[in-house]
Amino acid sequence: PEGSGDDEVIWMGSQDNKLYRYVPTLALKEPAQQFKALIRSISSNGEPVPIVPETLPFSQNNLVFEVAYPLYGTESKTTFSYWLENQDEKWSEYTKDFKKEYTNLDEGTYTFHVRAMDASGHVSDETSVKFKISPPWYRTILAYLIYLGLLVYLFILFGKYQAKKSRGKAEDERRMAELEAAKDLQNRMLPKTLPKVEGLEIASYLQTSSEVGGDYYDFFQQPDGSLYTICGDATGHGTPSGMLVSITKAGIIGLPQMPPNKMLSALNTVVKKVDLGILRMSLNIALVKDNQITLSSAGMPPYFIYRAATNTTEEIQLSGVPLGSFHDVHFDQTTTSFN
């Protein structure tokens, strides 16, 4: 201070080395000035944000506004009112808190308003700053385009799955129909009645799996009273095995009366010519005539003959490969008494 009374002058220095003179007697005569409230700083998550933030990333949706009012001498009695447009419904009550915090703001455009009221009740002009918070990456236009693309892709996959399922169902139905037809054909290959031969008691039984099997048995009664009995098994299951059984039976029907080993040789030629890949037909043929039985085998288990007179069972094992294995195959044959 310099001087006293009406001549009092107060000198003040500034940061840029300027001197200011304040004359109280003149200041009292000046009309009161209306100041604006100030926004001193904006921060997000403890980091400063430019006063003019424009667009902020979604990670900065927690904001703290620090304000001030350029009225000296009564700062402690200054109060502030806030309004965040598009967030607050109305202006807040006046408070001495010079900081205003907003958390978890949604994406969108906002305008922050602040005004001050001094100790005398005079309200300042308001100050505002406009800013925009961008959406998170998963709510951007690019993300929605990706979602749309994924949705279309899933619809395509679902359509392919449904089509494949329909084709699979149709294929299963077709396969089941074929299996039923093949099973019916296999049943037709078996004899409908058992032959009646004097002095013989004949019984047969066949139990197949759910699929068509290659099991086969048959009887061919001859005019001279003799009887051919057939027992065979095609490798594998399903329609191909049923086909091989059909070929075998058709071949047997076309053969004249001959020894069992000759019949097997002739059938081997037929099966080999048809060429069903790895499929083979194992077959036993027994010719019962008078008091003798002539046996031959193409890769089948042995025969068993029970002798009532001695209460014993004979096992007769004959060598031979399944039909369709090689060309020009010789099959063993044996003849034994059969009372």
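The following paragraphs lead through the structure from its overall form to individual residues.

The model is predicted. Its protein chain contains 4 helices and 17 strands. With a radius of gyration of 54 Å, well over the 20 Å that the globule rule gives for 339 residues, the chain is more spread out than a compact globule. The box that its C-alpha atoms fill, taken along the principal axes, is roughly 160 × 40 × 35 Å.

Some totals describe the chain as a whole. Of its 339 residues, 32% are buried. Among contacts with a separation of 6 or more, 57% are between residues 24 or more positions apart. The accessible surface amounts to about 22,100 Å², and carbon and sulfur atoms hold 55% of that area.

Helix H2 is considered next. It covers residues 141–189, which is 49 residues. At 1.5 Å a residue, such a helix should span 72 Å, and the 71 Å between its end C-alpha atoms agrees with this expectation. Which residues of H2 are buried? They are Ala143, Leu179, Ala182, Gln186 and Met189. The cover over the buried residues of H2 includes strand E11 (215–221) and helix H3 (239–253).

From Glu171 to Val49 the distance is 67 Å, C-alpha to C-alpha, and the two residues are 122 residues apart in sequence.

Tyr69 sits in the loop between strand E6 (63–68) and strand E7 (79–85). Its relative accessibility is 11%, so Tyr69 counts as buried, since buried means under 20%. When residues up to four places away in sequence are not counted, Tyr69 touches Phe35, Lys36, Ala37, Thr78, Phe80, Ala116, Asp118 and Ser124. Lys273, by contrast, is 204 residues from Tyr69 along the chain, and their C-alpha atoms are separated by 110 Å.

Asn268 is part of helix H4, which comprises residues 260–274. Is Asn268 buried or exposed? A relative accessible area of 1% makes Asn268 buried. Apart from neighbours within four places in sequence, Asn268 is in contact with Pro322, Leu323, Gly324, Ser325, Phe326, His327, Asp328, Val329 and Phe331.

Asn104 is located in the loop between strand E8 (99–102) and strand E9 (108–117). Although Asn104 is not a glycine, its phi is positive, at about 55°. Asn104 has a relative accessible area of 57% and is therefore exposed, as exposed means over 50%. Asp290 lies in the loop between strand E13 (281–289) and strand E14 (292–298). Its phi is near 55°, again a positive value in a residue other than glycine. At a relative accessible area of 69%, Asp290 is exposed.

Conventions: Residues numbered from 1 in each chain as written. Predicted model: local features only at pLDDT ≥ 70, side-chain atom pairs only at ≥ 80, totals over all residues. Heavy atoms only, no water. Helix = DSSP H or I, 4+ residues; strand = E, 2+ residues; numbered from the N terminus. Expected span 1.5 Å × (residues − 1). Buried < 20%, exposed > 50% of the residue type's maximum accessible area, 1.4 Å probe, protein only. Contact = heavy atoms within 4.5 Å. Rg over C-alpha atoms; globule rule 2.2 N^0.38 Å. Areas by Shrake-Rupley, 256 points an atom, 1.4 Å probe, with all protein chains shown as cover.
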